[in-house]
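Please examine the sequence and the model shown here. The paragraphs that follow lead from the chain as a whole to selected sites within it.

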Amino acid sequence: MLRTGCFVIFLLVNTASAAVPSVKVLIAKSLNSVVVEGMDLKKTVHTLRQSQQYSGRKTISFNCRPGKRRASLPNSLLVASLSSPTGLISWGKNKYQGELQLLADTGANSCDLVNSIPLEAYITTLLSKEMNGTWPVEALKAQAVAARTYAFERLRKSDSAKLYHLESSEKDQVSGTFFDATEKTLRASRETEGEILVGPTGKISPAFFHSKCGGKTLRPDQVWGGVEEGYRSVNCTFCQKTGMKDWQGKIKNKKLVSMVDQVLKKYYSDNISDTEIRIMPDSMANSELRLYAGDRLHIIKKSYLRNLAGREVLPSNNFIMAMKNNEIHVEGQGYGHGVGLCQLGALELAKRGYDYRQILSFYFPRHKIKTAYTP
Ligand SMILES: [Zn+2]
């Protein structure tokens, strides 16, 4: 049972009153053509500096293969923006809030599509994709603050020339469409509006999250190498009964030699010194694997092996490896990179009656919540 004494209740620090910012999200890449539809559409063709307003329902098509590339053009440029006074615009079967922007990928003779959307509307659609729009609202609120922080940090870091801030993919965060918002995701956004996580010195934190930690969360430096202030590895037993069961696998000796060689080349400017490898005793507490190739000791991050092997082979970074009968046996727990908020743990905590501030203070014990903007 969790003791409430473990939690430091976050203090809200209201320091800003700026309006809700818009975030530009890359929603599709390498399109041959784009067809959008909406009521009373406004089309601005930036390359021609022309704007046109249509009345009634209108469908507009763009051909993205206009011919040979002109050498003077940049690789990617904003061609056109489309919006509707209704606030909604369709691309294919999907409806989007805000504006759709067409980028020409002049090198590939194709288009990329960007949705410029108020950050709060973005959060309402994202919660159904990155979490589950039917989960308890306090878990969704914790996720809303983490996802908003991630997007807000990217927004702040981008210079004005950047054509988009985030990708709707696992590289950043997966966002949805207008119909992905639910009553609960709308409430989760509204009740945490403008709230983001900051580190102990007040610096905006890149707030990471993952599906299931499997027993303990990891710090960013254990997984990616860069140090982010305030992070701690937290023991989490709350995700144990749900989601992916503890997993096992085998990797052929030869395959591991090849993977280790690639990791050494990519991350350590080194290479394997001998194809005879020997794994040193490993434990779940180690985020690095120690192995001998011949008589040379190599210490490599387990997360780098996962990057190469893929999530089908290594679903999480919490695993142990051992050699048995000339094969590599792997046993692991959890799903995802393991840094920051454990979503299945947050679900369990919300079911036990904890609010989003308590959930966030459990996974981000040294962080604070700050209100970055108000409507
Ligand atoms: Zn967990």
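Predicted model: local features only at pLDDT ≥ 70, side-chain atom pairs only at ≥ 80, totals over all residues.

The overall architecture may be considered next. The protein chain contains eight helices and 22 strands. Its C-alpha trace spans about 70 × 55 × 35 Å along the principal axes. Of the 375 residues in the protein chain, 50% are buried. The accessible surface amounts to about 18200 Å², and carbon and sulfur atoms account for 48% of that area. When contacts between residues at least 6 apart in sequence are considered, 69% of them join residues at least 24 apart.

Which atoms coordinate the zinc ion? The donors are the SG atoms of C213, C236, C239 and C342, at 2.3 to 2.4 Å. Along the chain, these donors of the zinc ion follow the spacing C-x22-C-x2-C-x102-C. Within this set, C213 and C342 link distant parts of the chain, being 129 residues apart. C213 belongs to the loop between β14 (209–210) and α4 (220–223), whereas C342 is in strand β21, which covers residues 341–342. Both C213 and C342 are buried.

The geometry of the site can also be assigned. Four donors count as tetrahedral if all angles lie between 85 and 135 degrees. The four donor atoms around the zinc ion subtend angles of 103 to 118°, and the arrangement is therefore tetrahedral.

Attention now turns to the backbone, at two loop positions. R49 is not a glycine, yet its phi is positive, at about 55°. This residue, R49, is located in the loop that runs between β4 (42–45) and β5 (50–53). Is R49 buried or exposed? A residue counts as exposed when its relative accessible area is over 50%; R49 has a relative accessibility of 81% and therefore counts as exposed.

S269 lies in the loop between α5 (253–268) and β16 (277–279). Because its relative accessibility is 75%, S269 counts as exposed.

Key. Residues numbered from 1 in each chain as written. Heavy atoms only, no water. Helix = DSSP H or I, 4+ residues; strand = E, 2+ residues; numbered from the N terminus. Buried < 20%, exposed > 50% of the residue type's maximum accessible area, 1.4 Å probe, protein only. Contact = heavy atoms within 4.5 Å. Areas by Shrake-Rupley, 256 points an atom, 1.4 Å probe, with all protein chains shown as cover. Donors = N, O, S within 2.8 Å, 3.2 Å for Na, K, Ca; no water. Tetrahedral: all angles 85-135°; square planar, octahedral: opposite > 155°, others 65-115°.
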